[in-house]
Structures are given as structure tokens and as C-alpha cells.
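Subject: Structure for your review

Dear colleague,

Please find below the structure that I am handing over to you.

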Amino acid sequence: MFAKVVCLVLLCMVVVAFPPHAEAITCGQISGSLAPCLGFLQGGALVPRCCYGVKSVVAAARTTNDRQTACRCLQAAAKSFPGINLGNAAALPGRCGANIPYKISPTTDCSKVR
């Protein structure tokens, strides 16, 4: 019985010491989170669900690699949707009270995002 308890305690210690590795952010996650923003990006009204999505992307992009991926995904998404207002895209984080370390723009060099 004692051996089973010791094994269980050791197993718990291993799980706590080595938590599952978090997956990197993906373009699919970003697109899904920011889908409610499409109307605003095309000149419409800013809806609360959009800001929730912006804040969730900012929170998910914790590493430099994640932020660079997010930057590239945003650029690719902007190219795939016609009628994106680049001024609205650049203003979106500020309008939602979120802070990102780069300007949302097709001219941003995502490799320099930290």
C-alpha cells in the first residue's frame, strides 16, 4: 500500500514539474477570434465581440514567435478580404484598449516584432 502512495505522489510531482507544453498560436485561432471585427475593418461599427477577440489574441500571443505569427496572419488575412480599411486596422487595438508591440499594416516587418 505504501508503495502505491509513493508512486502516486511521484506521479503528481512529475505532472506539476513538467506541465503540458502550450501550443503556439495559429492563424486559425486568430481568424476565429477576429472574425467579429470584419465589419469594422470594412468601415462598419465596432462591436464588443470584436474587442473581446482582439484581447484574446493579445493574451494568447505571449512569446516573440507567437507575436510574429500573429503579425503575419493579420497581414495575410488583410490581403484575403477586399475592402479592408487600413486606418481602421491600425486603430483597432487602441479602440479596444489593447496594446500590441507593432502597427497592423501591410508594411510592418513581422520579423522585427518582439
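The notes below concern the disulfides.

This is a predicted model, in which local features need pLDDT of at least 70, side-chain atom pairs count only at pLDDT 80 or more, and totals for chains, interfaces and linings use all residues. Residues are numbered from 1 along each chain as its sequence is written, and side-chain values use heavy atoms, with hydrogens and water left out.

The structure contains four disulfides (pairs of cysteine sulfur atoms within 2.5 Å). With the bonded cysteines numbered in sequence order, the pairing reads 1-6, 2-3, 4-7, 5-8.

Cysteine 27 is bonded to cysteine 73 with the sulfur atoms 1.8 Å apart. This pair links distant parts of the chain, from helix H2 (residues 27-34) to helix H5 (residues 64-80), 46 residues apart; helices are DSSP runs of H or I with at least four residues, numbered from the N terminus. The torsion about the S-S bond is -80°, and the link of cysteine 27 and cysteine 73 is left-handed. Cysteine 27 is partly exposed at 38% relative accessible area, whereas cysteine 73 is buried at 6% (buried is under 20%, exposed over 50%, partly exposed in between, with a 1.4 Å probe and protein chains only).

Cysteine 37 and cysteine 50 are joined at an S to S distance of 2.0 Å. Their torsion about the S-S bond is about 105°, so this disulfide is right-handed. Cysteine 37 is buried at 0% relative accessibility, and cysteine 50 is buried at 0%.

Cysteine 51 pairs with cysteine 96, S to S 2.2 Å, and both are buried.

Yours sincerely

Conventions. Helix = DSSP H or I, 4+ residues; strand = E, 2+ residues; numbered from the N terminus.
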